[in-house]
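Subject: Structure handover

Hello,

Here is the structure I promised to pass on. Please open it next to this message.

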Amino acid sequence: MRILFAGTPDVALPALDHLVAAGRAADGPDRPEVVGVLTRPDARVGRGRKVRPSPVKERATELGLPVLESDRPWEDDTLAALRELAPDVAGVVAYGALLPASVLQVPAHGWVNLHFSLLPAWRGAAPVQRALMAGDEITGATTFVLDEGMDTGPVLGTLTEAVRPTDTAGDLLDRLAHAGAPLLTQSLLGLVDGSLQPIAQPAEGVSRAPKLTVPEAELDFALPAFAVARTVAGCSPAPGAWTTFRGNRLKVLRAAAGPAVTDLAPGRITVREGAVLVGTAAGALRLVSVQPPGKQEMDADAWARGARFDDEEVLGG
């Protein structure tokens, strides 16, 4: 079985690793074999804006797999290269672009996407982030056959995952990526051998998960503490929830709804019994870790000791 894999960021690595391992552990002419990897081109990343290959390209190179780099796979050269690979089926995890019919038709059995929500909930680029910001207690992953819509294709398999009280988007996405890796392998094999039949998604329960923007990640202390904490969780590690302190942007990477205090105005910051607290519309937000401008992430209490603020100072303006 000839498999094409498409993906770009770190979250796609567990699925690629699992597919390769499954092929190497199997015997016979029908064993799964990753014959090529499609990923987006090298890009500038980090503070230094250095050009770096995608994590998937780096891993594919380590594994000795052929790599195609393109963010427009429908263009003639890339499309011809995909056809030359002659895949039976393709698996995709966070590749980063919608695929038109010309590309979807290349594998004989189509493309199977591993998506990190229980579809049809949270269709889009940021399903885990949006689920946390909405306060979902249960989420999961879905494999489905790609069509030209935004996460609208028929479903092959699902798994569920409980949201933990301390989860950030990074924490939850990492768990789902590892739990979903065998689900993608099983779905690819089942689609090709006919043991799995795609089932149309229900028309009810659709919600959207567009990519988060930096303005959305600004904390609003006029909301209750639990709502502010959800924004922090959903925006961590990227784009990073933020506020302002003494005219500079301060990222808040971990926080939790704190004690039900009533004497802190929204945005007012203080330290009580070793906890760094910020007033909100209802209760206090407890800062756990922050990132001041030009510095690494640090514990909030260490930042507070260095900042030496008084009880009249506020965050966010």
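Below is what I found in it, from the whole chain down to single residues.

First, the ground rules. This is a predicted model: local features need pLDDT of at least 70, side-chain atom pairs count only at pLDDT 80 or more, and totals for chains, interfaces and linings use all residues. Residues are numbered from 1 along each chain as its sequence is written, and side-chain values use heavy atoms, with hydrogens and water left out.

Overall picture

The protein has eight helices and 15 strands. These are DSSP runs, numbered from the N terminus: H or I with at least four residues for helices, E with at least two for strands. The C-alpha atoms fill a box of roughly 70 × 45 × 35 Å along the principal axes. Of the 317 residues, 47% are buried. Buried means under 20% relative accessible area, exposed means over 50%, and partly exposed lies in between (1.4 Å probe, protein chains only).

The accessible surface is about 15,100 Å², and carbon and sulfur atoms hold 51% of it. That area comes from the Shrake-Rupley method with a 1.4 Å probe. Among contacts with a separation of 6 or more, 65% join residues 24 or more positions apart. A contact means heavy atoms within 4.5 Å.

Cores

The largest nonpolar core has 37 residues. Such a core is a set of buried Ala, Val, Leu, Ile, Met, Phe, Trp, Tyr and Cys residues joined through side-chain atoms within 4.5 Å. Phe5, Leu16, Val34, Val37, Val93, Phe116 and Leu184 touch the most other members. Helix α6 (residues 169-193) gives the most to this core, with nine residues. A second, separate core of 25 residues includes Phe221, Val278, Val290 and Trp303.

Take Val93 as an example. Beyond its neighbours within four places in sequence, its contacts include Phe5, Val11, Phe116 and Leu184.

Helix α3

Helix α3 spans residues 76-85. Its buried residues are Thr78, Leu79, Leu82 and Leu85. They sit on the same side of α3, because they cover an arc of only 115° around the axis. The arc is that of the directions from the helix axis to the C-beta atoms. The face turned away from this buried side carries the exposed residues Asp76, Asp77, Arg83 and Glu84. Cover for the buried residues includes β1 (2-7), β2 (33-39), β5 (67-69) and α4 (101-104). Alanine 86 follows α3, and its phi is positive, near 50°.

Leucine 68 is in strand β5. It is partly exposed, at 22% relative accessible area. Leaving aside neighbours within four places in sequence, leucine 68 contacts Val37, Leu38, Thr39, Ala81, Leu82 and Leu85. Glycine 306 is 48 Å from leucine 68, C-alpha to C-alpha, and 238 residues away in sequence.

Valine 35 is in strand β2. It is buried, at 7%. Not counting residues up to four places away, valine 35 touches Arg2, Ile3, Pro66 and Leu85. Valine 35 and leucine 85 are 50 residues apart in sequence, yet 6.8 Å apart in space, C-alpha to C-alpha.

Strand β8

Threonine 139 is in strand β8 (residues 138-145). Is it buried or exposed? Threonine 139 is buried, with a relative accessible area of 4%.

Best wishes
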